[in-house]
Amino acid sequence: MKALLSNQNVYIPENVDIALKGRTVIVKGPRGTLQRDFNHINVELSLLGKKKKRLRADKWWGNRKELATIHTICSHVQNMIKGVTLGFHYKIRSVYAHFPINVVIKENGSLVEIQNFLGEKHIRRVRMRSGITCSVSQAQKDELIVEGNDIELVSNPAALIQ
């Protein structure tokens, strides 16, 4: 069964500006600018209100799977808003039993080298993407902190380190 119209709203805080160019969403905030393209999803995006502080995603005549994309788009936009206002940081701890893992951060936090993982002689290297920094926690031993504005760019190197 197809629904005639399904929509969902995202409310935009005062210190964030959103611009739409077709289905490309550009979010500007105090920490920077993020851009995401939703051209592969057939939805209608529009800014509402006098101050354009509400984003509405509409899907006309969609089945159940197509209607689920509305919530996905709104979640992505909310993550972008959270990224440009607060930012994201992942904490990763290295845990070992016998072979002590050495984690070295080089090139101003853009390269992480993992040495002696399970006693291996091979050095594992993970390069951070642009806009993402990695640092060693001062409060906790053997803990890395990966920080940035885009949740996908922060979580990807964190998963590669793991």
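The legends below describe close-up views of a predicted model.

**View 1. Three strands, β1, β6 and β5, make up an open sheet.** The strands follow one another in the order β1-β6-β5, and their pairing is antiparallel. At the edges stand β1 and β5 (44-48), each of which pairs on one side only. Neighbouring strands of this sheet are turned against each other by 25 degrees on average, direction ignored.

**View 2. Strands β1 and β6 run antiparallel and are joined by eight bridges.** Strand β1 covers residues 3-11, and strand β6 covers residues 54-62.

**View 3. Helix α1 lies across β1, β5 and β6.** The helix is made of residues 64-85. Helix α1 runs at about 10 degrees to β1. The strands it lies across are those of the open sheet, ordered β1-β6-β5.

**View 4. Four residues, L4, L5, W60 and W61, form a nonpolar patch on the surface.** Together these residues have about 450 Å² of accessible area. Strands β1 and β6 each supply at least two residues of the patch. W60 lies in strand β6. With a relative accessible area of 43%, W60 is partly exposed. The cut-off for joining a patch is over 30% relative accessible area, so W60, at 43%, passes this step.

**View 5. A salt bridge connects E152 with R36.** The closest N and O atoms of the two residues are 2.9 Å apart. The pair links distant parts of the chain, as E152 belongs to helix α2 (residues 151-161) and R36 to strand β4 (residues 32-37), 116 residues apart. E152 is partly exposed, with a relative accessible area of 39%. R36 also counts as partly exposed, at 25% relative accessibility. In general, side chains of opposite charge can pair when their charged atoms come close.

**View 6. R127 and E107 form a salt bridge between a strand and a loop.** Here the closest N and O atoms are 2.8 Å apart. R127 lies in strand β10 (residues 124-127), while E107 lies in the loop between β8 (102-106) and β9 (111-115). The two residues are 20 residues apart, and the pair links distant parts of the chain. R127 counts as partly exposed at 48% relative accessibility. E107 is partly exposed as well, with a relative accessible area of 46%.

**View 7. The side chains of R125 and E113 meet in a salt bridge.** The N to O distance is 3.1 Å. Because R125 lies in strand β10 and E113 in strand β9, the pair ties together parts that are 12 residues apart in sequence. R125 is exposed, with a relative accessible area of 53%, whereas E113 is buried, with a relative accessible area of 5%. The cut-offs behind these words are over 50% for exposed and under 20% for buried.

**View 8. K106, E113 and R125 are linked in a network of salt bridges.** Two members of this network, R125 and E113, are the pair that meets at 3.1 Å, N to O. K106 is linked into the network with them. The model has a count of seven salt bridges, including the one between R127 and E107 and the one between E152 and R36.

Definitions and conventions
Residues numbered from 1 in each chain as written. Predicted model: local features only at pLDDT ≥ 70, side-chain atom pairs only at ≥ 80, totals over all residues. Heavy atoms only, no water. Patch = residues over 30% accessible without salt bridge, like charges linked within 9 Å, V, L, I, M, F, W, Y side chains within 5 Å. Areas by Shrake-Rupley, 256 points an atom, 1.4 Å probe, with all protein chains shown as cover. Helix = DSSP H or I, 4+ residues; strand = E, 2+ residues; numbered from the N terminus. Buried < 20%, exposed > 50% of the residue type's maximum accessible area, 1.4 Å probe, protein only. Pairing = 2+ DSSP bridges. Axes fitted to C-alpha atoms, helices over the stretch in contact; angles between N-to-C directions. Contact = heavy atoms within 4.5 Å.
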